[in-house]
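Reader: I am new to this structure and would like to know the grounds for the terms used about it. Please take them one at a time.

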Amino acid sequence: MKTVLVTGSNGLLGQKITSTILSGKQFNLVATSKGENRFKTMQGYTYAEMDILNPANVREVLERYRPDAIIHTAALTNVDKCETEKELAYALNVEAVKTLITICEEYKIQLVHLSTDFIFDGLNGPYLESDVPNPLSYYGKTKSESEELVKNAACKWAILRTIIVYGIISDESRSNIVLWAKGALEKGTPISVVNDQWRMPTLVEDLADACLLVIEKNANGVFNISGKDMMGISELVFKVADFWNLNKELITEISAASLNQSAPRPMRTGFILDKAIHELGYAPRSFEQGLALLDEQLKERERLTEQEAK
């Protein structure tokens, strides 16, 4: 049985990979993150604290567990923070990848690296894996640079590019656009949403499945992994309101330019998913199916919370 080590295991994708493996995938899991483990279950896998910015610590953990594959989810993904804290962004998104590549080459470890649609300028979406990156933001630049490092690595590697990941985990502090819109509208809070950007939002379960499919199939190369539905950001939020019967009059559509964000965003990204579907057996759910799954999980979490309170 292969041993898989996950970086950033406390994040949305990291926790979802843990729950996917625990629900029946045939892997030994080593979950790693900075600080204490925040996943609700402590049994059935190993947790190790690991600071991705400390090369000696990373080497010590990887040499201790000698994984067959690493799924590298840890990164600084706050686009505006990357723009204003470039040194931190470069350390997390590029230098940490260099550290992993060095050790993966040494011990012949497969590296599965997570990337983003923000490596593109948004002028010609949806994109193929072979399209040439042209990032607009510093975040996009760091992710594009780290992709090039991975592509030139002398170990087995795969790059999974994704778009707007949504879903829930046990750690309620983790939000995303779907939970943000749902939460605000339920409270009756007016929200402003851009109407001039288009994306293909990705259910976190689908992305976790794709990460493990790459390892199961020993796949190599770049793969586009997202949802299959292209929609505007404002359309996404209206769909959330429709699904949970929330007040759409609270939603105001605005242009991206009016937000005065530190970092520019691509206008229209999206991916052509044929390669992942045919080579990995990737089967993304529709956005409505994703919302339905999210609804079930929220109800189950509510039920468990009520049980614990009794």
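Author: The side chains of Glu 205 and Lys 16 meet in a salt bridge, with 2.9 Å from N to O. Glu 205 lies in helix α7 (residues 204-216) and Lys 16 in helix α1 (residues 12-22), so the pair ties together parts that are 189 residues apart in sequence. The model is a predicted one.

Reader: What makes the contact of Glu 205 and Lys 16 a salt bridge?

Author: The cut-off is a side-chain nitrogen of Lys or Arg within 4 Å of a carboxyl oxygen of Asp or Glu. Glu 205 and Lys 16 have 2.9 Å from N to O, so the pair counts as a salt bridge.

Reader: Are Glu 205 and Lys 16 buried or exposed, and how do you know?

Author: Buried means under 20% relative accessible area. Glu 205 has 10% and is therefore buried. Lys 16 has 8%, so Lys 16 counts as buried too.

Reader: Why is the contact of Asp 117 and Arg 199 called a salt bridge?

Author: The N to O distance is 3.8 Å, and the limit is within 4 Å. Asp 117 lies in the loop between β5 (110-116) and α5 (138-151), and Arg 199 in strand β9 (residues 198-199), so the pair ties together parts that are 82 residues apart in sequence. Both Asp 117 and Arg 199 are buried.

Reader: Which residue forms a salt bridge with Glu 288, and what do the two tie together?

Author: Glu 288 forms a salt bridge with Lys 239, the closest N and O atoms being 3.2 Å apart. Glu 288 lies in helix α10 (residues 287-309) and Lys 239 in helix α8, so the pair ties together parts that are 49 residues apart in sequence.

Reader: Why are Glu 288 and Lys 239 called partly exposed?

Author: Buried means under 20% and exposed means over 50%, with partly exposed in between. Glu 288 has a relative accessible area of 37%, so Glu 288 is partly exposed. Lys 239 has 24% and is therefore partly exposed as well. Elsewhere, salt bridges that share partners join Glu 147, Glu 148, Lys 151 and Arg 161 into one network. A search of the whole structure finds 18 salt bridges.

Reader: What makes α4 and α5 roughly parallel to each other?

Author: Helix α4 (residues 86-107) and α5 pack at an angle of about 10°, with their axes 10 Å apart. The limit is under 35 degrees, so α4 and α5 are roughly parallel. The residues of the contact of α4 with α5 divide into nine nonpolar, three polar and four charged.

Reader: Where does Lys 275 lie, and why is Lys 275 called partly exposed?

Author: Lys 275 lies in helix α9 (residues 274-280). Its relative accessibility is 26%, between the limits of 20% and 50%, so Lys 275 counts as partly exposed.

Definitions and conventions
Residues numbered from 1 in each chain as written. Predicted model: local features only at pLDDT ≥ 70, side-chain atom pairs only at ≥ 80, totals over all residues. Heavy atoms only, no water. Helix = DSSP H or I, 4+ residues; strand = E, 2+ residues; numbered from the N terminus. Buried < 20%, exposed > 50% of the residue type's maximum accessible area, 1.4 Å probe, protein only. Axes fitted to C-alpha atoms, helices over the stretch in contact; angles between N-to-C directions. Parallel < 35°, antiparallel > 145°, perpendicular 65-115°, else oblique. Nonpolar A, V, L, I, M, F, W, Y, C, P; charged D, E, K, R; others polar.
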